[in-house]
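Please look over the fold and confidence of this chain before reading the notes. The briefing is arranged by topic.

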Amino acid sequence: MANWIKVNYERDKQVYIIDLDRVAMFSLSGNFRLTLYFDSNQPPLTITKQSQPDVFQFILNYVESTTGHSL
């Protein structure tokens with residue numbers, strides 16, 4: 001079952017619909033910046049805890065539930 005999220009990316013004023021099962025890598029930096037890396041030639045997408053706290057927490061929960069590891 002796919003896990004889709006809607007992300008409003010402020011810099012581009014665009015909305016992205018992302019299938020989390022297709023993300024190649026998740027990265028969390030110390031200042032609460034979560035970066036999603038994709039398989040294809042798409043640039044990485046960064047989400048901050050301040051800009052989108054609900055999406056940020058959803059992704060953290062998704063990673064923990066699917067891998068058993070927390071970021």
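The notes below go from the whole chain to single residues.

This is a predicted model: local features need pLDDT of at least 70, side-chain atom pairs count only at pLDDT 80 or more, and totals for chains, interfaces and linings use all residues. Residues are numbered from 1 along each chain as its sequence is written, and side-chain values use heavy atoms, with hydrogens and water left out.

**Overall fold**
- The protein chain holds one helix and five strands. Helices (H or I, at least four residues) and strands (E, at least two) are DSSP runs, numbered from the N terminus.
- From the N terminus on, the order of elements is β-β-β-β-β-α.
- Of the 71 residues in the protein chain, 31% are buried. Buried means under 20% relative accessible area, exposed over 50%, and partly exposed in between (1.4 Å probe, protein chains only).

**Confidence**
- The mean pLDDT of the protein chain is 83, and 89% of the residues score at least 70. pLDDT is the predictor's confidence in each residue, from 0 to 100.
- Confidence is lowest in E1, with a mean of 70, and highest in E4, at 92.
- Where pLDDT is low, the predicted coordinates should not be read in detail.

**Helix H1**
- H1 spans residues 53-67, 15 residues in total. From first C-alpha to last, H1 reaches 21 Å, close to the 21 Å expected at 1.5 Å a residue. The expected span is 1.5 Å times one less than the number of residues.
- Val55, Phe56, Ile59, Leu60, Tyr62 and Val63 are the buried residues of H1. They cover an arc of only 160° around the axis, so they sit on the same side of H1. The arc is that of the directions from the helix axis to the C-beta atoms.
- Exposed residues Asp54 and Ser65 are carried on the face of H1 turned away from its buried side.
- Gly68 follows H1, and its phi is positive, near 85°.

**Surface patch**
- Trp4, Val15 and Ile17 make a nonpolar surface patch of about 350 Å². Patch residues have over 30% relative accessible area and no salt bridge; nonpolar side chains (Val, Leu, Ile, Met, Phe, Trp, Tyr) are joined within 5 Å, like charges within 9 Å. A salt bridge is a side-chain nitrogen of Lys or Arg within 4 Å of a carboxyl oxygen of Asp or Glu.
- Trp4 belongs to strand E1 (residues 4-9). Trp4 is exposed, at 54% relative accessible area.

**Loop residue Ser40**
- Ser40 lies in the loop between strand E4 (33-38) and strand E5 (45-48). With 42% relative accessibility, Ser40 counts as partly exposed.
- Ser40 and Val23 are 17 residues apart along the chain, and their C-alpha atoms are separated by 9.5 Å.

Definitions and conventions:
Accessible areas come from the Shrake-Rupley method with a 1.4 Å probe; for residues, only the protein chains shown count as cover.
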